[in-house]
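I hope they are handy to have beside the viewer.

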Amino acid sequence: MKKKEQALSRTRITGSYVTLVISISLVLFLLGLLGLLLINAHGLSQYFRESISFSVIVNEDAREADIRMLQKDLDAKNYVKATEYISKEQAAEKLKEDLGEDFINFLGYNPLTPTIDVYLFADYTHPDSVAKIEKYILEYPIVKEVYYQESLLRLINENVKKISLFLLVMSSFLFLIALTIINNTIRLSVYSKRFIIKTMQLVGATRAFVRKPFLIRSAIHGLIAALIAMILILSLIHFIEKEFVSLMSFQNFNMLIALAAAIIVLGIFLSVVSSYFSVNKYLSIPEDKLYI
């Protein structure tokens, strides 16, 4: 009978520890996701900004050599990421594919003009910067027009600022929630052992001696929870890279190592600190308050 009770007691303790570790790991997983989002937020904003191009439309009678010279000049600029020359023939082929019919046979001539699609680095995609670049390009005699969607450019830049502010607020909010959840979870775990804490204190154990096993156990739980959280995060990264390879890429291993280290340190630190204050609480209260 006694053995059964001991086995049942061990099972309950193990179950409470498993629940504690899972709860902490899920919280750390959410914090890790937030960290991933913050790490890649800048890259995503750059991706969307640099995917927008503007078209340099040249005169129909412009020589191929002059157009290529203009393209080389643009490629040499520090604000230009890439350029793509599209000849009249290439533009006609592309439009024919989009329309599904040969419009040249219908019109009898090719009305399209050669263009150079210019992609800028993210830092130069602000409307003011693009306006200055447009002014410079228009000084070329062969350039007829510079076309870009100014409204779309402004919309993307405004949304990037809003998203950055939103992420900052959400980061603070989620961190407070995570801190509260981990603290309450560990407090409940310590609460179930409040009589053991008081008994150890009554038989002469020092406060440091009573705290030590709780702090060591909390550090181990925090480490295990952090490792579980990192496994979940790495699994998610693998899925994202597989399904959305063109949108997100996690090739910055230094940042991933830093994220893993931060999650491990955070898991251990929060667990130990919460356990420290929880144990101290039951070391300081009178015996009659233990039943409340």
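**Notes on the fold**

1. Residues 24 or more positions apart account for 81% of the contacts in the protein chain with a separation of 6 or more, where contact means heavy atoms within 4.5 Å. A word on provenance: this is a predicted model, in which local features need pLDDT of at least 70, side-chain atom pairs count only at pLDDT 80 or more, and totals for chains, interfaces and linings use all residues. Residues are numbered from 1 along each chain as its sequence is written, and side-chain values use heavy atoms, with hydrogens and water left out.

2. The protein chain has 9 helices and 4 strands. Both are DSSP runs numbered from the N terminus, with helices being H or I of at least four residues and strands E of at least two. Read from the N terminus, the order of elements is α-β-α-β-α-α-β-α-β-α-α-α-α. Of the 292 residues, 35% count as buried; buried means under 20% relative accessible area, exposed over 50%, and partly exposed in between, with a 1.4 Å probe and protein chains only.

3. Now to the sheet. Its 4 strands form an open sheet in the order β2-β3-β1-β4, with antiparallel pairing; two strands pair if DSSP finds at least two bridges between them. At the edges are β2 (80–86) and β4 (143–147), each pairing on one side only. Neighbouring strands are turned against each other by 20 degrees on average, direction ignored. As a reminder, strands of a sheet pair through backbone hydrogen bonds, either parallel or antiparallel.

4. Strand β1 (residues 53–58) is joined to β4 by 4 bridges, and the two run antiparallel. Serine 55 has tyrosine 147 of β4 as its bridge partner. With β3, strand β1 pairs in the antiparallel sense over 5 bridges, and there phenylalanine 54 is partnered by valine 118 of β3. β1 is also mostly covered, as 5 of its 6 residues are buried.

5. Helix α2 lies across β1, β2, β3 (115–120) and β4, running at about 165 degrees to β2. For angles, axes are lines fitted to C-alpha atoms, for helices over the stretch in contact, and values run from 0 to 180 degrees between N-to-C directions. Glutamine 71 sits in α2 (residues 64–75). This glutamine 71 counts as buried because its relative accessibility is 11%. Leaving aside residues up to four places away in sequence, glutamine 71 touches Thr83, Glu84, Tyr85 and Ile116.

6. Not counting residues up to four places away in sequence, leucine 153 touches Ile52, Thr125, His126, Pro127, Val130 and Tyr148.

7. How do α6 and α9 pack? Helix α6 (residues 150–191) and helix α9 (residues 253–284) meet at an angle of about 45 degrees, with their axes 9 Å apart. The pair is therefore oblique: angles under 35 degrees count as roughly parallel, over 145 as roughly antiparallel, 65 to 115 as roughly perpendicular and the rest as oblique. Their crossing is right-handed, meaning that the near helix is turned clockwise from the far one by less than a right angle, with anticlockwise being left-handed. Contact residues include Phe175, Leu179 and Ile182 of α6 and Leu266, Leu270 and Ser271 of α9. The residues of this contact divide into 10 nonpolar, 5 polar and 2 charged. Here Ala, Val, Leu, Ile, Met, Phe, Trp, Tyr, Cys and Pro count as nonpolar, Asp, Glu, Lys and Arg as charged, and the others, Gly among them, as polar.

8. Helix α7 (residues 194–202) packs on α9 as well, at an angle of about 60 degrees and with the axes 9 Å apart. That makes α7 oblique to α9, and α7 passes α9 in a right-handed crossing. On the α7 side the contact uses Arg194, Ile197, Lys198 and Gln201, which meet Val279, Tyr282 and Leu283 in α9. These residues divide into 4 nonpolar, 1 polar and 2 charged.
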